[in-house]
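Here is a short note to go with the model. Please keep the structure open while reading.

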Amino acid sequence: MTDDTTLVRRSRYAVAAVFCVHGSVTGSFATRVPWIQEHAGASPGQLGLALAFPALGAALMMPLAARVTHRFGTRTALRGLLALWTLALFLPSLAPNLPTLCAALFVYGGTSGMADVAMNALGVEVEHRLKKSIMSGLHGMWSAGALLGAAIGTVAAHAGLSAQVHHAVMAVVLTLVGTVVCQFVLDVHPDADEEPPPRFTLPPKSALLIGAVGFCAVFAEGASLDWSAVYLRHPRQLGRGRGGCDDRVRADDDDRAAHR
């Protein structure tokens with residue numbers, strides 16, 4: 001086995017860990033949306049408005065990831081962009097009102113999008129060098145990270161821990177983990193005479209249909225991810241964490257007793 005092959009395989013596992021870290025941020029945020037909504041004093045309609053800002057931030061900031069990667073190389077760019085994303089987890093829980101929540105979620109979405117572009121581009125490079133498909137496995141690691149983050153968030157909510165403390169701890173831990181694993185990814189630099197990518201370019205017509213399908217998939221995924229915790233907490237009247245089931249059972253018993 002050559003040194004280059006060993007380096008590429010090591011990079012494959014490192015990129016998989018990066019995907020897991022990225023997903024953990026998303027899972028950590030999703031479980032605490034009800035807490036963030038209450039802390040900001042947002043109505044369901046206002047929360048819906050605020051939750052549009054991550055997508056807006058991602059759409060506007062994603063094109064910058066290519067230029068950052070071109071200038072600093074894949075390793076340094078991914079390390080920095082991933083750190084911005086993990087640290088941005090802490091921002092929404094600080095928002096005391098709707099305008100600050102929208103601003104925090106804009107930054108949250110923008111850093112998420114840039115880190116997403118950088119890690120997927122590196123995943124494609126590793127896949128190309130390995131000469132076999134690995135992207136489905138990398139996205140599976142993202143899902144595993146999201147489940148892990150959601151599980152920790154559920155425990156934190158059940159324990160009555162505020163989202164500020166929970167997200168501060170997760171932001172620090174995930175930033176440290178991300179910084180370490182980024183040391184082992186491929187460090188690819190452009191050729192000296194290679195032109196930097198444009199700041200913005202329109203997609204080709206051939207990509208519009210694929211983009212429309214992707215939009216529908218992401219729309220459904222994002223809606224279920226962002227609103228599931230709110231649905232369980234308010235319309236379903238479930239409490240925090242596992243205790244919510246017991247609360248609901250007791251509430252149902254009280255209702256039946258009142259009608260006897």
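The numbered points below go from the overall picture to single residues.

1. Mean pLDDT for the chain is 85. A score of at least 70 is reached by 82% of the residues.

2. **The stretch to treat with care.** Over residues 241-260, pLDDT stays under 50. How many contacts beyond four places in sequence does the model have for residues 241-260? The number is 10. Where pLDDT is low, predicted coordinates should not be read in detail.

3. **Overall make-up.** The chain holds 10 helices and 0 strands. Read from the N terminus, the order of elements is α-α-α-α-α-α-α-α-α-α. Of the 260 residues, 38% are buried. The chain exposes about 14,200 Å². Carbon and sulfur atoms supply 66% of that area.

4. **Contacts along the chain.** Take the contacts between residues at least 6 apart in sequence. Of these, 85% join residues at least 24 apart.

5. **First aromatic pair.** The whole structure contains 2 aromatic pairs. F29 and Y108 have ring centres 4.8 Å apart and planes at 40°, so this pair is tilted. F29 sits in helix α1 (residues 3-30) and Y108 in helix α6 (residues 98-130), so the pair ties together parts 79 residues apart in sequence. F29 is buried, at 4% relative accessibility. Y108 is buried as well, at 6%.

6. Which geometry do the rings of W85 and Y108 adopt? Their centres are 4.7 Å apart and their planes lie at 50°, so the pair is tilted. W85 belongs to helix α5 (residues 74-88), while Y108 is in helix α6. The two residues are 23 apart, and their pair links distant parts of the chain. W85 counts as buried, with a relative accessibility of 1%. Together, F29, W85 and Y108 make one aromatic cluster.

7. **H167.** Is H167 buried or exposed? At 0% relative accessibility, H167 counts as buried. H167 is placed in helix α8 (residues 163-181). Beyond its neighbours within four places in sequence, H167 contacts S28, F29, R32, I36, L89, F90 and S93. F29 in that list also belongs to the aromatic cluster.

8. **Helix α2.** Helix α2 covers residues 33-40. Of its 8 residues, 6 are buried, so the helix is largely enclosed by the rest of the structure. The buried residues are V33, P34, W35, I36, Q37 and A40. I36 is also one of the contacts of H167. Just after α2 comes G41, with a positive phi of about 65°.

9. **A nonpolar surface patch.** Which residues form the nonpolar patch on the surface? They are L161, V165, V169, V173 and V177. Together they have about 360 Å² of accessible area. V165 lies in helix α8. With 41% relative accessibility, V165 counts as partly exposed.

10. **The salt bridge.** Side chains of opposite charge can pair when their charged atoms come close. A search of the whole structure finds 1 salt bridge. E125 pairs with R129, and the closest N and O atoms are 2.8 Å apart. Both residues are in helix α6, 4 residues apart, which means a separation of about one helical turn. E125 is partly exposed, at 25% relative accessible area. R129 is partly exposed too, at 35% relative accessibility.

11. **G140 and G23.** G140 is in helix α7 (residues 135-158). G140 counts as partly exposed because its relative accessible area is 36%. How far apart are the C-alpha atoms of G140 and G23? The separation is 9.7 Å, for residues 117 apart along the chain.

Conventions:
Residues are numbered from 1 along each chain as its sequence is written. This is a predicted model: local features need pLDDT of at least 70, side-chain atom pairs count only at pLDDT 80 or more; totals for chains, interfaces and linings use all residues. Side-chain values use heavy atoms; hydrogens and water are left out. Buried means under 20% relative accessible area, exposed over 50%, partly exposed in between (1.4 Å probe, protein chains only). Contact means heavy atoms within 4.5 Å. Patches are made of residues with over 30% relative accessible area and no salt bridge: like charges are joined within 9 Å, nonpolar side chains (Val, Leu, Ile, Met, Phe, Trp, Tyr) within 5 Å. Accessible areas come from the Shrake-Rupley method with a 1.4 Å probe; for residues, only the protein chains shown count as cover. A salt bridge is a side-chain nitrogen of Lys or Arg within 4 Å of a carboxyl oxygen of Asp or Glu. Rings of Phe, Tyr and Trp (its six-membered ring) pair if their centres lie within 6.5 Å; planes under 30 degrees apart count as stacked, over 60 as edge-to-face and the rest as tilted. pLDDT is the predictor's confidence in each residue, from 0 to 100.
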